[in-house]
Each structure stands twice: as C-alpha cells, then as structure tokens.
Amino acid sequence: MEIELGIRNVAGAVTFNTDEPAAQVGAAINQAIANHEPITLTDTKDRHIIVPADALGYAIIGSETRHAVGFGALN
C-alpha cells in the first residue's frame, strides 16, 4: 500500500510503500499526533520513516486492495 506524508515547510511529499494494514498505519499516525511523538513507519524495504507528528501537514493512506494488471479476454 502506498503512503504519502506531507511535511510542513517542505516542498516535496514523502512517498513510500508499506506492507502494514491501513488501520495500523492510521492508528500509528493518530496516536503520534495525540501524544506529540514522532510518527514511525516501516516501508517494504525495511527502512524506517520517522516524521515529527507536529510537522505533519497531511497523510494519504492508499488502498489495501491489489489491482490486477493485464488484459482480459477480448471477444
């Protein structure tokens, strides 16, 4: 699933993919904001993304469904 984090006063967004469920990502972000703690997430390459919660401008949490790619039967 793709995650996009907008950081205040930074032109580009932080975009990465994670295997964590959307509910878990959302809960981690909400908890960090409520407690004024850093948001810590892990991407699919096992890298840790740490963002100060107070610097977060927005978060877009992508869909968990995998979209099929390819061609169906053309009749």
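Modeller: Two strands pair if DSSP finds at least two bridges between them; helices (H or I, at least four residues) and strands (E, at least two) are DSSP runs, numbered from the N terminus. In β5, Leu56 is the bridge partner of Ile7. This is a predicted model, in which local features need pLDDT of at least 70 and side-chain atom pairs count only at pLDDT 80 or more, while totals for chains, interfaces and linings use all residues. Residues are numbered from 1 along each chain as its sequence is written, and side-chain values use heavy atoms, with hydrogens and water left out.

Colleague: What makes β1 and β5 a pair?

Modeller: Strand β1 (residues 2-7) is joined to β5 by five bridges, and the definition asks for at least two. The two strands run antiparallel.

Colleague: Why are β2 and β5 said to stand at the edges?

Modeller: The open sheet has the order β2-β1-β5. β2 (14-17) and β5 (56-61) each have a single partner strand, so one side of each is left without a neighbour in the sheet.

Colleague: Why is Asp43 called buried?

Modeller: Asp43 lies in the loop between β3 and β4. Buried means under 20% relative accessible area, exposed over 50%, partly exposed in between (1.4 Å probe, protein chains only). Asp43 has 6% relative accessibility, and therefore counts as buried.

Colleague: How do you know that Asp43 and Arg47 form a polar contact?

Modeller: Their side chains are joined at 2.7 Å. A polar contact is a pair of N or O atoms within 3.5 Å; within protein, one must be able to donate a hydrogen and the other to accept it, and residues adjacent in sequence count only if both atoms are side-chain atoms.
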